Amino acid sequence: MTASLNTIEHADCLEYLRALPDESVDVTFADPPFNLKKKYNAYWDNLDVTQYVEWCHDWVREMARVTKPSGSIFVHNIPKWLSYYCQILNEIADFRHWISWEAIGTPLGKTLLPTHYGILFYAKDYSQLKFYDVRYPHHRCRKCNTLRKDYGGKKKRLHPFGPLVSDVWTDLHRIRHSKRRDRHPCQLPIPLMERIILMSTDEGDTVLDPFMGTGTTAVAAKRLGRNFMGCDIDPKYVRIATDHVDVIQPASKIGDVWVSLYLDQVATMRDADWDELQNHFDVPQPAQAIDTESIKFRDGKLKAIENAVYLQERKKPTLFELENLNTDQPQ
Ligand SMILES: C[S@@+](CC[C@H](N)C(=O)[O-])C[C@H]1O[C@@H](n2cnc3c(N)ncnc32)[C@H](O)[C@@H]1O
């Protein structure tokens, strides 16, 4: 098994990870199948609990092994399975956060309405961890543009761009529209991966994902000038992911600053980059005017930078019929 930089291999996650040296990757991220009987192409998403948990323990250990001492380990899943991952990760890495990513729920009966996915964030070694604070744009009323949150008398001290990201993420949404999906039942949104990458890596670092699916991690890493590596067991997804990543160029930046761009907005920026970034924005004056006025990008449309990330029109895959897709629900 060869695992090359900036390539998505057709491989089983364990076979792939076992071929890598210890502490060789900056950040590892996993979005495994959730064992929810989803309709995937290449495997059965319906193991019994013991089998599924044992399998997860194997690749979670491998992910931790290949992560550098300064690196982070992220795992996305429904809360039920994350509770098992914590048992293993607490022994071999340092807990940082359980990120709650808001989702639309469906009542299941005899239960609280499940409305979040979890993303576990562990440091391989907290004393050596590479981490950057990140910010997201202020949440505003669509009609009147006023800040949704009432900051009372503290408006003067508000950051003009937006608040620091907490461990509850409500501003990034799952891909629901079939036009935006790559024909995969569980495709993650690119801005989610970009946030994770901006807070845990530098330009030129490597992000590994052993469950690449349609390549969201690879695309986000490449857009932000990072390297990627990873695999998927389904050759069709590997092809879709490779086609996708091939048309991306590392250009998601304003001036010299890497940012996550989505729908003509900066979705995530590093706190430390604001000194440089503010030169590209008109910032409302006086400071408390931020209550009703947004910062404005000076150099045209942010959408133009986002579009320039694509070298050419993407070939949309036609491998699966839309009616074969399930929508996702946290459970
Ligand atoms: C939840 S999806 C990942 C979706 C991905 N994050 C994206 O945004 O497209 C899980 C993926 O794991 C893959 N998979 C399942 N078992 C695997 C295994 N043993 N080794 C590698 N990949 C596997 C599936 O084919 C599927 O694409």
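**The sheet and its helices**

Reply: In this predicted model, strand E2 (residues 25–30) and strand E8 (residues 206–209) run parallel and are joined by 2 bridges. Strands of a sheet pair through backbone hydrogen bonds, and the pairing may be parallel or antiparallel.

E2 and E8 belong to an open sheet of 8 strands, in which the order is E1-E9-E8-E2-E3-E5-E4-E7 and the pairing is mixed. At the edges stand strand E1 (8–10) and strand E7 (168–169); each has a single partner strand, so one side of each is left without a neighbour in the sheet.

Helix H2 (residues 49–66) packs on this sheet and touches E2, strand E3 (67–77) and E8. The direction of H2 makes about 150° with that of E3. Helix H3 (residues 79–92) packs on the sheet too, touching E3, strand E4 (94–102) and strand E5 (116–123). The direction of H3 makes about 10° with that of E5.

Two packed helices are described by the angle between their axes and the distance between the axes. For H2 and H3, the axes come within 10 Å and cross at roughly 40°. That angle makes H2 oblique to H3, and the crossing is right-handed. On the H2 side the contact involves Val53, Cys56, His57, Val60, Arg61 and Ala64, which meet Trp81, Tyr84, Tyr85, Ile88, Leu89 and Ile92 of H3. Sorted by class, the residues of this contact are 10 nonpolar, 1 polar and 1 charged.

Lys110 lies in the loop between E4 and E5. Lys110 is not a glycine, yet has a positive phi of about 55°.

As for the surroundings, there is also an open sheet of 3 strands, with the order E6-E13-E12 and antiparallel pairing. Strand E6 (134–135) and strand E12 (260–262) are at its edges, and each has a single partner strand, so one side of each lacks a neighbour in the sheet. E6 and strand E13 (residues 265–270) run antiparallel and are joined by 2 bridges; Val134 has Arg270 of E13 as its bridge partner. Helix H4 (residues 190–200) packs on this sheet, where H4 touches E6, E12 and E13, and its direction makes about 20° with that of E13.

H4 has a helix partner as well: H4 and helix H5 (residues 216–223) pack at an angle of about 60°, with their axes 9 Å apart. H4 and H5 are therefore oblique to each other, and H4 passes H5 in a right-handed crossing. Ile190, Met193, Glu194 and Ile197 of H4 make this contact with Thr216, Thr217, Val219, Ala220, Ala221 and Arg223 of H5. By class, the contact of H4 with H5 has 6 nonpolar, 2 polar and 2 charged residues.

Thr216 comes up again at the ligand. The ligand is surrounded by 22 residues, and the closest are Cys13, Cys186, Phe211, Gly213 and Thr216. The shell around the ligand divides into 13 nonpolar, 5 polar and 4 charged residues.

Conventions
Residues are numbered from 1 along each chain as its sequence is written. This is a predicted model: local features need pLDDT of at least 70, side-chain atom pairs count only at pLDDT 80 or more; totals for chains, interfaces and linings use all residues. A residue is near a molecule or strand if its C-beta atom, placed from the backbone, lies within 6 Å of it. Ala, Val, Leu, Ile, Met, Phe, Trp, Tyr, Cys and Pro count as nonpolar, Asp, Glu, Lys and Arg as charged, and the others, Gly among them, as polar. Two strands pair if DSSP finds at least two bridges between them. Helices (H or I, at least four residues) and strands (E, at least two) are DSSP runs, numbered from the N terminus. Two residues are in contact if their C-beta atoms, placed from the backbone, lie within 7 Å. Axes are lines fitted to C-alpha atoms, for helices over the stretch in contact, and angles run from 0 to 180 degrees between N-to-C directions. Angles under 35 degrees count as roughly parallel, over 145 as roughly antiparallel, 65 to 115 as roughly perpendicular and the rest as oblique. A crossing is left-handed if the near helix is turned anticlockwise from the far one by less than a right angle, and right-handed if clockwise.
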